[in-house]
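Let's take a friendly walk through this model together, strand by strand. Have the sequence and the 3D view open as you read.

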Amino acid sequence: MNPNTKFYFASGGNDNKVFVWDLRKNQIISTIREHSAAVRALKWNPMKSNTLISAGGEEDKRIVIWNEN
């Protein structure tokens, strides 16, 4: 997956999940359920285009690196 193509979008929220969307198909292609609190931040790594970084809220207190192939 290469978010630099502008066809992929990541979202997260109070349900503790991260979703990776394919905007061409308007559908979720990946769901990450590893956070134990709301997802507060998401960022694609500019150096490795298939790597997503997520951060959980106060109960989770983690920053996690995901390799989205």
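This is a predicted model: local features need pLDDT of at least 70, side-chain atom pairs count only at pLDDT 80 or more; totals for chains, interfaces and linings use all residues.

Y8 stands opposite D22, a residue of β2.

Five bridges tie strand β1 (residues 8-12) to β2, with the two strands running antiparallel. Among the paired residues, A10 has V20 in β2 as its bridge partner. The two strands make a hairpin with five residues between them. In its turn, N16 shows a positive phi of about 70°.

What does β2 do on the way to β3? β2 pairs with strand β3 (residues 27-32) in the antiparallel sense, over five bridges. Here W21 has I28 in β3 as its bridge partner. These strands also form a hairpin, with four residues between them, and N26 in the turn has a positive phi of about 55°.

Put together, the three strands make an open sheet in the order β1-β2-β3, with antiparallel pairing. β1 and β3 stand at the edges and have a single partner strand each, so one side of each lacks a neighbour in the sheet. On average, neighbouring strands of this sheet are turned by 25° against each other, direction ignored.

Is strand β2 largely enclosed or left open by the rest of the structure? Four of the five residues of β2 (residues 18-22) are buried, so the strand is largely enclosed by the rest of the structure.

Three strands, in the order β4-β5-β6, form an open sheet with antiparallel pairing. Neighbouring strands here are turned by 20° against each other on average, direction ignored. Between β4 and strand β5 (residues 51-56) there are five bridges, and the two run antiparallel. L42, for one, has S54 in β5 as its bridge partner.

The bridge partners named so far are gathered here for quick reference.

| Residue | Bridge partner | Strand of the partner |
|---|---|---|
| A10 | V20 | β2 |
| W21 | I28 | β3 |
| L42 | S54 | β5 |

The loop between β4 and β5 holds N50. Is N50 buried or exposed? Its relative accessible area is 17%, and N50 counts as buried because the cut-off is under 20%. The side chain of N50 is joined to that of N67 by a polar contact of 2.7 Å.

The loop between β5 and β6 contains G57. With 10% relative accessibility, G57 counts as buried too. Which residues does G57 touch, leaving aside those up to four places away in sequence? The answer is A37, A38 and R40. G57 can also be set against G13: the two lie 44 residues apart along the chain, and their C-alpha atoms are separated by 9.8 Å.

Definitions and conventions
Residues are numbered from 1 along each chain as its sequence is written. Side-chain values use heavy atoms; hydrogens and water are left out. Two strands pair if DSSP finds at least two bridges between them. Axes are lines fitted to C-alpha atoms, for helices over the stretch in contact, and angles run from 0 to 180 degrees between N-to-C directions. Buried means under 20% relative accessible area, exposed over 50%, partly exposed in between (1.4 Å probe, protein chains only). Contact means heavy atoms within 4.5 Å. A polar contact is a pair of N or O atoms within 3.5 Å; within protein, one must be able to donate a hydrogen and the other to accept it, and residues adjacent in sequence count only if both atoms are side-chain atoms.
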